[in-house]
Amino acid sequence: MLVVMQEGAPEEQIQKVIDRLVEMGFTVHRSTGVLHTVLGGVGPADSFDPADFEAMEGVKECHRIVSQYKLASRHFKPQGTVIKIKDVEIGGKHVVTMAGPCSVESREQMDAVADIVADSGAQIMRGGAFKPRSSPYSFQGMGEEGLKLMRASADRRGLLIISEVMDATQLPLLTQYSDILQIGARNMQNYNLLREVGKVRTPAMLKRGIAATIEEVLLAAEYILSGGNYDVMLCERGIRTFETYTRNTMDISAIPVLQKLSHLPVIADPSHGTGRREMVLPLARAAVAAGTDGLLVEIHPDPDHALSDGAQTITFSQFREMMQQVRKIAAAVDRTA
């Protein structure tokens, strides 16, 4: 259920509503907006009358939420979520860009990547220290040493970093080095991991599973939100279809759908979207036109010799061109990039 407080309702009235919800067995999640405070009650109680809450002082309205995802629903936070990390805002007017290699390979590589990311106007550097590969014989990442290299290169240029967490045991290490936790497509329904990410206060980006529906994505996000970590963003990275020309099928329509159903920022990953380098730029343009809040792209100083995902990784010159193109499209939809 959702209880919307009146504009300017005093803290005393808000607390009385919270206490009443707790008495009824609800877990209460609070969202304080510019005008209204919204209280989300999640719990087993289903025999209540919304009118009982609407009669309480300071309450504007009360609603039952019929969808299974309560906290991820747009109703919980109609104004939308803006995730603030230092000087970077994700979910606001600016379309953020996260760029870097699939895997951290060396100090020289990460220094070169940090320079091109910062010089091109992007704000966040990506890189994998632990790589969940389909084959056990593929490069698995450098581990903590990779995180140290990425952190040092990012700090040198004033960048944030995002890196993937594969299981709950890695959380202490990832939260030490990374500004954003990436939950990969293979782990979208790893509910034990999602619960643990909900307990930390490091922002998280949840990637859509390779065959996941929109509702399944939002239900997965609900696991993190229900733990108290409200800084969650969703990522459309392509889904598996019967098409074989591309590695995945980029679902551009998922961007406006997710933004209609949820208040969480939506990031687009045009690199995994098809798995083909020549399609990254057009898909990045399409995603910005469709309203994405950010882009996640793979770049490398020498993609043909990258240790992982070289086929979908763009060159530095292509990345510079992409940034120039998306800025023009962002301006056309009243945003910046």
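Author: Contact means heavy atoms within 4.5 Å. By that criterion, and not counting residues up to four places away in sequence, Met125 touches Ala99, Met110, Val113, Ala114, Met150, Ser153, Ala154, Leu159, Leu160, Ile161 and Ile162. This is a predicted model, in which local features need pLDDT of at least 70 and side-chain atom pairs count only at pLDDT 80 or more, while totals for chains, interfaces and linings use all residues. Residues are numbered from 1 along each chain as its sequence is written, and side-chain values use heavy atoms, with hydrogens and water left out.

Reader: What makes a set of residues a nonpolar core, and which residues have the most contacts inside the largest one?

Author: A nonpolar core is a set of buried Ala, Val, Leu, Ile, Met, Phe, Trp, Tyr and Cys residues joined through side-chain atoms within 4.5 Å; buried means under 20% relative accessible area, exposed over 50%, and partly exposed in between (1.4 Å probe, protein chains only). The largest such core has 75 residues, and Met125, Ile299, Phe319 and Met322 have the most contacts inside it. Helix α7 supplies the largest share of this core, 7 residues. A second, separate core of 15 residues includes Ile83, Ile162, Ile180 and Met205.

Reader: Why are α6 and α7 called oblique?

Author: Helices (H or I, at least four residues) and strands (E, at least two) are DSSP runs, numbered from the N terminus. Axes are lines fitted to C-alpha atoms, for helices over the stretch in contact, and angles run from 0 to 180 degrees between N-to-C directions. The axes of α6 (residues 191-199) and α7 (residues 214-226) come within 6 Å and cross at roughly 40°. Angles under 35 degrees count as roughly parallel, over 145 as roughly antiparallel, 65 to 115 as roughly perpendicular and the rest as oblique, so α6 and α7 are oblique to each other.

Reader: How do you know that β10 and β11 pair?

Author: Two strands pair if DSSP finds at least two bridges between them. Strands β10 (residues 180-183) and β11 (residues 204-207) have 3 bridges, in the parallel sense, and Leu181 has Ala204 of β11 as its bridge partner. Both strands belong to a closed barrel of 8 strands, β7-β8-β9-β10-β11-β12-β13-β14, with parallel pairing.
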